[in-house]
Amino acid sequence: MASSSRATVAAAAGVTLLGGAAFVSAPAGRAGNLRATVSATPASAPVSGLEASSVTSMAIASAAVATCFASRKATANSKHQLVALSAFENELGVQAPVGFWDPAGFTADGSTENFARRRQTELKHGRISMLATMGYITPEITGKFPGYLSPSAGLKFADVPNGLAAISKVPAAGWGQILAYMAFCEVSQDQSAGTPAAAGDFGFKVLTASDPEAKKTKLAAELANGRLAMMAIIGMFFQDGLTGSAWGDWANYTASPLRAFENELGVQAPVGFWDPAGFTADGSTENFARRRQTELKHGRISMLATMGYITPEITGKFPGYLSPSAGLKFADVPNGLAAISKVPAAGWGQILAYMAFCEVSQDQSAGTPAAAGDFGFKVLTASDPEAKKTKLAAELANGRLAMMAIIGMFFQDGLTGSAWGDWANYTASPLRAFENELGVQAPVGFWDPAGFTADGSTENFARRRQTELKHGRISMLATMGYITPEITGKFPGYLSPSAGLKFADVPNGLAAISKVPAAGWGQILAYMAFCEVSQDQSAGTPAAAGDFGFKVLTASDPEAKKTKLAAELANGRLAMMAIIGMFFQDGLTGSAWGDWANYTASPLRAFESELGVQEPVGFWDPVGFTSDGDVVTFKRRRSVELKHGRISMMAAMGYITPEITGKLPGYLSPSAGLKFADVPNGLAAVSKVPVAGWAQIAAYFGFVEFSGGFEDYKTGTPGDYGFKVLTSSDPEEKTKKLSAELANGRLAMMAIIGMFFQDGLTGSAWGDWASYTASPLRAFENELGVQAPVGFFDPFGLTKDGDTEAFKRRRATELKNGRVAMLATMGYIAPEYSRFPGFCSPTEGVKFTDVPNGLAALGKVPAAGWMQIFLFLGMVEKGLYTYDSARAPGDYKNAGVLGVPNGSTMAPGEGRNRKLNSELANGRLAMMAIIGMFFQDGLTGSAWGDWANYADSPLRAFENELGVQAPVGYFDPLGMSKDGDVTTFRRRRESEIKNGRVAMFAAMGFIAPEYFRFPGYLSPAKSLKFSEVPNGLAALGKVPFTGWVQIFLFCGMVDFGLYRADDSRDPGDYANGGILGVPNASGPMADAEGRKRKLNSELANGRLAMVAITGMLFQNGMFGTTGPAMWGF
């Protein structure tokens, strides 16, 4: 019997092998999907020879008897499981992106009854978890209930701690009440199978609905929120239990194994030590070092790979052949993933061999330098351990960024077939389903980085859009609620008469939360509930699209409604960002507007007096790079900023110089026959410079970088390499020069980026507007309001979509704003000369003469007055002057000429256009004027900003200085002298005098050659006569290179040698200067008053000359001549 069993088992094993082979080698096309295999029939395959067929048949027959019962049972179970897995795919709670998720196989039995019971339990747990999560959060924000939790025990609500610690404080009677309430909830309704309660419907219609589809949607949302809450409350319990703090203070994790690596390489702000997967939970130093080494390698490969994607797009590809034997050129290999199929097998062999060489050529066992990423390549490491750590930390950060970047590039490339992921290739993407939906606006277009719309569900999209509209509306109200009390003050009277709480007692911002009484919160919640449930918001209703019948935001015209809701969406999005910022500032500083004076302990203050902190921005670090207060890191970044600024200044000059002075003579590369004149200006030059040239550039960079050292920020002032034009032996002077250099470098970085952008967009180094032939901005060049000298001005690109309707709407808005601004400006001016007689408000006893002029009037106008103003505006906007798309912007049917509602209109033609253009220009001026008046009024408390009120202004320090002359007086609109620094003022005055003197010479230089020129040669070597040099800007291209060198050296000699500044002398008064600058060492003029008058005259003439020469250069550049046409004759 035993042998028979063994034979049977052997036969079964043989059949198993044969059956497995047959399954593996089944013909293509037989395999079905998982569910189809339940009913699939075995496929027969022809076998060569009778013997094979007989053996197989015998084996199958023998095995069939032995395995019949077991296989039948296993097959039945398998079928049952497959059917069970699909039984609940459409049940409540199955949501993207996870779908039906049951990793533990609870539903494997296919029991609908068990599924419903578990779903009911899940709903209950989710609801309890949502309440529990709110119970953790609410006391932290709104505070606790007043009064006693247990009067008999003398226990106040305020005495009960938040979180798990509360468990021991609640008295036994309290637990009894809790348990009794839970039991009541549990047994008060029939929850047996088939009842509404069994599906989670207990009649509480906020969570359910009479409409089955709406109820399903709400319960699905509740399930998702409940699942999130279950995860959240578990996390809160864990944090609370581990740290003893309801919010899990990291400082309490003193014994955590995660702390073992807090000071390791790669732990950097702002994330700190980050190990969400808990790889380091075992505290193994050896494993940590191995992972760090792997991370460094991956990061280095990713940096090379990222550069490999980018470089061929910019510099082109190598010349010649990648594989001569295969006839494959580098130019034939596409960029990105497509290159994988082009590289020949021998190439892959070389790549793998090189990788293996790199991997095995050094000992990387634990404890060796290579184990820590040090392979002796000293660009990335150093002999100094601290410097090496800094470099490797920077490399780690760059490598992590590169790993993210290369994954993104691979994903884009694989998805679109383009190395840069051209959006045009996403033709079948579900994201395109909503490209024309409400809220898709330039410049972002359709924006869904989290992929919420990836399922293509129109219903889900509409629900999210409705939610976004609601959140935006609430945020707009909340933002106004922050701002309004600061400007208009608060309501008079009592917020709560019973509590004796006045509106004036409620602070602005987050501090108000603890002041509003419980009844007030009840009213707020009740009003919110009323708004939410008072209308049917189910799918397909107007309310589902945000239309609640409030026709200020909507309209009977579908197109107009869409325009308004799109504008509202944009404003709501802005308001959501604004209110979050206000909350953050308020919470951080305790002030609704985030007063910087409250940041007394901020690490950002550590660098307030450092180099580069300059007015008007002050210390500016929006990303918080300096939040760690690390001085060494700050100095290193400052050093890097100086280097980047210097390179950018050189680059900006490199764009400009060839356009003005021409290019160097001769050959850039004699061997390649490439002249300097053959190299185009700007980005186009990148592809012209030969490989050897790039090598020379890289070698020079390396020389400069290594010869100066990398420790300047540790050993001295960042950026001080001993080049004393930019530094000085005097520390104060050096700081001033480096500060000026930083400011210029920052400007140059912005400038060169702009130049690159313009060059790349237009193919011209200066972005010639003539190259924008197909630009949508050209669509409005001849529209009303396009006037010289600015022309069509749209720096924000609002019109780049070419939408005429949107342009007309903005033009109408501009006209309205301009008209209001003109009235407002007149409203500031007129009351200074005349006011209405009588009462503004007879009931309040407020006369027109009692209302102050300017912003102070806002606090005097009674509430009824504001209501009248608001209603009048609404009447004008919605009744009298309604928009008509068939008429020109700002032209209303009832308006008449000058807005008088008499129906008259100006006849079309040049006169009408001229008048409307004048109105636009005056309106723009008025908008600027009224903003200036508001600013002055707010700053000085006077509608006209009386200068007499600036008694302590630092601007007064220079009122009697040289150059302060009528009718302007002391003029400093940019506030350069507001710091009251006499030294800086003297330096600027000296610069002004120099610039004025140069400008006077230049202005004379434009005029004199029209009447007289020097005889003879300017450059005998070049046979260039003075008479051959054209006048004006055209002369720049004629002066030879050596001439520019002579000019530059002469300027340097005058500035640094002959006429040196002397702090003991007046600005512009040089020891060797003499009268009128003649270096005859004559002393100053004896008559002090006469001397002052002459120097004032020189300043005035110099200022006039600076304006004049700028106008001459502009005119010359525009007309291309210095002849009569340039002067307008």
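Modeller: The chain holds 21 helices and 12 strands, where helices (H or I, at least four residues) and strands (E, at least two) are DSSP runs numbered from the N terminus. This is a predicted model, in which local features need pLDDT of at least 70 and side-chain atom pairs count only at pLDDT 80 or more, while totals for chains, interfaces and linings use all residues. Residues are numbered from 1 along each chain as its sequence is written, and side-chain values use heavy atoms, with hydrogens and water left out.

Of the 1129 residues in the chain, 25% are buried; buried means under 20% relative accessible area, exposed over 50%, and partly exposed in between (1.4 Å probe, protein chains only).

Now let's visit Thr-133, which sits in helix α3, residues 112-141. Thr-133 counts as buried because its relative accessibility is 11%. Leaving aside residues up to four places away in sequence, Thr-133 touches Ala-229, Ala-232, Ile-233 and Met-236, a contact being heavy atoms within 4.5 Å. Take Ala-229: 96 residues separate Ala-229 from Thr-133 in sequence, yet their C-alpha atoms are 6.5 Å apart in space.

For another setting, look at Ile-178 in helix α4. Ile-178 counts as partly exposed because its relative accessibility is 37%.
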